[in-house]
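The sequence and the structure come first.

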Amino acid sequence: MACILIDLENEKGKMLEGISLLNLSKNDEIIIFYSRLAPYITMELHKEFEIIKAKKDYIKVESVNKNSLDFQLSTYLGFLIQKNSKNNYYIVSKDQDYDCVCHFWQNRNVNVKRIEQFSYYNG
């Protein structure tokens with residue numbers, strides 16, 4: 001199962017274009033973290049999300065302090081891994097600060113990768 005955590009503040013969602021081409025199943029999950037800095041997606045992206053079979057969840061980050069979304073996404077990732085460490089986890093962001101989170105979990109034999117856009121996804 002793939003679990004995709006999306007930092008919507010990062011490029012305001014432009015890196016999500018093509019997400020419908022992933023052929024995700026109903027067993028996969030997409031979790032979008034957003035804030036008032038990135039409160040919406042385009043209608044085109046909304047249409048793409050509509051055809052995706054994966055479970056979708058939206059988490060609003062109330063605080064807009066620097067890195068609030070990053071901390072909440074990273075914490076939620078740990079929560080998900082505690083529930084099921086065998087899933088494949090992907091953080092969608094160009095923010096390279098997530099790489100240390102990925103390395104932390106990879107060193108504990110959990111598959112966590114950061115991808116910048118879906119053309120890099122090889123789930």
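The expected span of a helix is 1.5 Å times one less than its number of residues. Helices (H or I, at least four residues) and strands (E, at least two) are DSSP runs, numbered from the N terminus. The model is predicted: local features need pLDDT of at least 70 and side-chain atom pairs count only at pLDDT 80 or more, while totals for chains, interfaces and linings use all residues. Residues are numbered from 1 along each chain as its sequence is written, and side-chain values use heavy atoms, with hydrogens and water left out.

**Helix α2**

Helix α2 takes in residues 68–83. With 16 residues at 1.5 Å a residue, helix α2 should span 22 Å, and its end C-alpha atoms are 23 Å apart, which agrees.

Buried means under 20% relative accessible area, exposed means over 50%, and partly exposed lies in between (1.4 Å probe, protein chains only). By that scale the buried residues of α2 are S68, L69, D70, L73, L77, L80 and I81. An α-helix has 3.6 residues a turn, so residues three or four places apart point the same way.

What do the buried residues of α2 pack against? Their partners are the strands β1 (2–7), β2 (29–34), β4 (88–92) and β5 (111–115), together with helix α3 (99–106). Contact here means heavy atoms within 4.5 Å.

L80 belongs to helix α2 and is buried, with a relative accessible area of 8%. Not counting residues up to four places away in sequence, L80 touches C3, L5, I31 and Y89. Between L80 and A38 there are 24 Å in space, C-alpha to C-alpha, and the two are 42 residues apart in sequence.

**Salt bridges**

A salt bridge is a side-chain nitrogen of Lys or Arg within 4 Å of a carboxyl oxygen of Asp or Glu. Side chains of opposite charge can pair when their charged atoms come close. The structure holds three salt bridges, listed here.

| Salt bridge | N to O distance |
|---|---|
| E29 and K55 | 3.7 Å |
| R114 and D99 | 2.5 Å |
| R114 and E116 | 3.4 Å |

The side chains of E29 and K55 meet in a salt bridge. E29 lies in strand β2 and K55 in strand β3 (residues 55–60), so this pair ties together parts that are 26 residues apart in sequence. E29 is buried, with a relative accessible area of 11%.

R114 and D99 also meet through their side chains. Because R114 lies in strand β5 and D99 in helix α3, the pair ties together parts that are 15 residues apart in sequence. R114 counts as buried at 18% relative accessibility, whereas D99 is partly exposed at 24%. E116, which meets R114 in a salt bridge, is partly exposed with a relative accessible area of 24%.

**Two buried aspartates**

Where is D28 found? D28 is in the loop between β1 and β2. D28 is buried yet has no salt bridge, and the nearest side chain of opposite charge, K53, is 10.0 Å away. For charge, Lys and Arg count as positive and Asp and Glu as negative; His and the chain ends are not counted. A polar atom of the D28 side chain lies 2.8 Å from the backbone nitrogen of A2. Leaving aside neighbours within four places in sequence, D28 is in contact with M1, A2, A54 and K55.

D7 has its place in strand β1 and counts as buried at 3% relative accessibility. A polar contact is a pair of N or O atoms within 3.5 Å; within protein, one must be able to donate a hydrogen and the other to accept it, and residues adjacent in sequence count only if both atoms are side-chain atoms. The side chain of D7 is joined to that of S93 by a polar contact of 3.4 Å, and to that of Y98 by one of 3.3 Å. D7 and D28 are 21 residues apart along the chain, and their C-alpha atoms are separated by 17 Å.

**Cysteines**

A disulfide is a pair of cysteine sulfur atoms within 2.5 Å. By this rule the count is zero disulfides. C3 is in no disulfide, and the nearest cysteine sulfur, that of C102, is 13 Å away. C3 counts as buried, at 1% relative accessibility. C102 is likewise in no disulfide; the nearest cysteine sulfur belongs to C100, 8.3 Å away. C102 is buried, with a relative accessible area of 3%.
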